Amino acid sequence: MFDDPYRSSASARPSLASATIERREYKYLIDEETALRIRDAAAPFCRLDEYGKREANGAYTISSVYYDTPGLDLYYANVRELLDRFKIRVRSYPAYPEGPAFLEVKRRANDVIAKTRGAVPKNALGGLLELSANDLTQVAGKKHRAAVERFLALVHTHQARPRTVVRYEREAWVSQIDSYARVTFDRDVRCQPADDLTSTPQPRQWRNNDDAVSQRGGRSKVILELKFTSATPSWMMHIVQSFDLFRAAFSKY
């Protein structure tokens, strides 16, 4: 599909390995009543994630600025459901303004998701593309440098720039018995244009992505995602079968 400077570089693979998460993500559109029942079914195996535990209702806001090429190639790759595609985004958590921003590359190859994620201070975002190698080490540190370098390499290679900011409310449950398994419920998905990383979203410019019309229903649906590594946990399979769930395509960008 698109050139990935790190994809064929043998020297880069070891440094990226520790920062890469490979998993599968299955999405379902469900109503609120079903969401509450699935939460109850998952509760014996899961706990709220670190962000959800801090909130009274267990949900928190996620904000992601998506980058794209001048021709919006990454958006159209997703619309056409190409088997090999990726997204470039900067993720943050508005409830924690002093926290870092996370530079993410999320690649899908068939059903397998591989994501790299590197943290940088929010006050470094404005000059991120002009950082020298030495500055990058100071900003990202050794732990996150490889993931940040990959993000920047893709941005430069594809002349990508901020296009859209997407926000939603996430309720995330993490398995206590599996090495990696998560159940997330996303609600109130909304977006607006983004010209840069440092601008403040305008309250009156939000447009909902999960409205009832777009989802062809009487009310907006909850986006359920089941996330796991290679083998589906048995308790997840039981949830899918018990609630007669069918996978649905829904992209936030």
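**Surface patch, cores and salt bridges of the predicted model**

Val 79 is found in helix α3, which spans residues 73–79. The model is predicted. With a relative accessible area of 48%, Val 79 is partly exposed. Together with Tyr 75 and Tyr 76, Val 79 makes a nonpolar surface patch of about 260 Å².

The protein contains five helices and ten strands. Of its 253 residues, 49% count as buried. The accessible surface comes to about 13100 Å², and carbon and sulfur atoms contribute 48% of this area. Among contacts with a separation of 6 or more, 69% are between residues 24 or more positions apart.

The largest nonpolar core has 24 residues, and those with the most contacts inside it are Tyr 67, Ile 88, Val 90, Leu 103, Leu 125, Val 148 and Phe 151. At least two residues of this core are supplied by each of β3 (60–68), β4 (84–92), β5 (101–109) and α4 (133–157). Helix α4 provides the largest share, seven residues. Neighbours within four places in sequence left aside, Val 148 is in contact with Leu 103, Gly 118, Ala 119, Val 120, Leu 136 and Ala 140. Apart from this core lies another, of 21 residues, including Tyr 26, Ala 181, Val 183 and Met 236.

A search of the whole structure finds 21 salt bridges. One of them joins Glu 104 to Lys 115, with the closest N and O atoms 3.9 Å apart. Glu 104 is in strand β5 and Lys 115 in strand β6, so that this pair links distant parts of the chain, eleven residues apart. Glu 104 counts as buried at 0% relative accessibility, and Lys 115 is buried with a relative accessible area of 7%.

A salt bridge is also formed by Arg 170 and Asp 186, whose closest N and O atoms are 2.8 Å apart. Because Arg 170 lies in strand β7 and Asp 186 in strand β8, the pair ties together parts that are 16 residues apart in sequence. Arg 170 is buried, with a relative accessible area of 5%, and Asp 186 counts as buried at 0%. The side chains of Lys 252 and Glu 225 meet in a further salt bridge, at 3.2 Å from N to O. Lys 252 lies in the segment after α5 (234–242) and Glu 225 in strand β10 (residues 222–228), so parts 27 residues apart in sequence are tied together by this pair. Both Lys 252 and Glu 225 are buried. Arg 170, Asp 186, Glu 225, Lys 227 and Lys 252 are linked in a network of salt bridges.

Thr 184 is placed in strand β8 (residues 181–193) and counts as buried at 0% relative accessibility. Its contacts, leaving aside neighbours within four places in sequence, are with Arg 170, Glu 171, Ala 172, Ile 223, Leu 224, Glu 225 and Lys 227. Among these contacts of Thr 184, Arg 170, Glu 225 and Lys 227 belong to the salt-bridge network.

The structure holds zero disulfides. Cys 46 is buried, with a relative accessible area of 4%, and Cys 191 is buried as well, at 18%.

Positive phi values occur at non-glycine positions. Asn 110, in the loop between β5 and β6 (112–120), has a phi of about 60°. Gln 159, in the loop between α4 and β7 (161–175), has a phi of about 50°. Gln 159 is exposed, with a relative accessible area of 53%.

Definitions and conventions:
Residues numbered from 1 in each chain as written. Predicted model: local features only at pLDDT ≥ 70, side-chain atom pairs only at ≥ 80, totals over all residues. Heavy atoms only, no water. Patch = residues over 30% accessible without salt bridge, like charges linked within 9 Å, V, L, I, M, F, W, Y side chains within 5 Å. Areas by Shrake-Rupley, 256 points an atom, 1.4 Å probe, with all protein chains shown as cover. Salt bridge = Lys/Arg side-chain N within 4 Å of Asp/Glu carboxyl O. Helix = DSSP H or I, 4+ residues; strand = E, 2+ residues; numbered from the N terminus. Buried < 20%, exposed > 50% of the residue type's maximum accessible area, 1.4 Å probe, protein only. Core = buried A, V, L, I, M, F, W, Y, C linked by side-chain atoms within 4.5 Å. Contact = heavy atoms within 4.5 Å. Disulfide = S-S within 2.5 Å.
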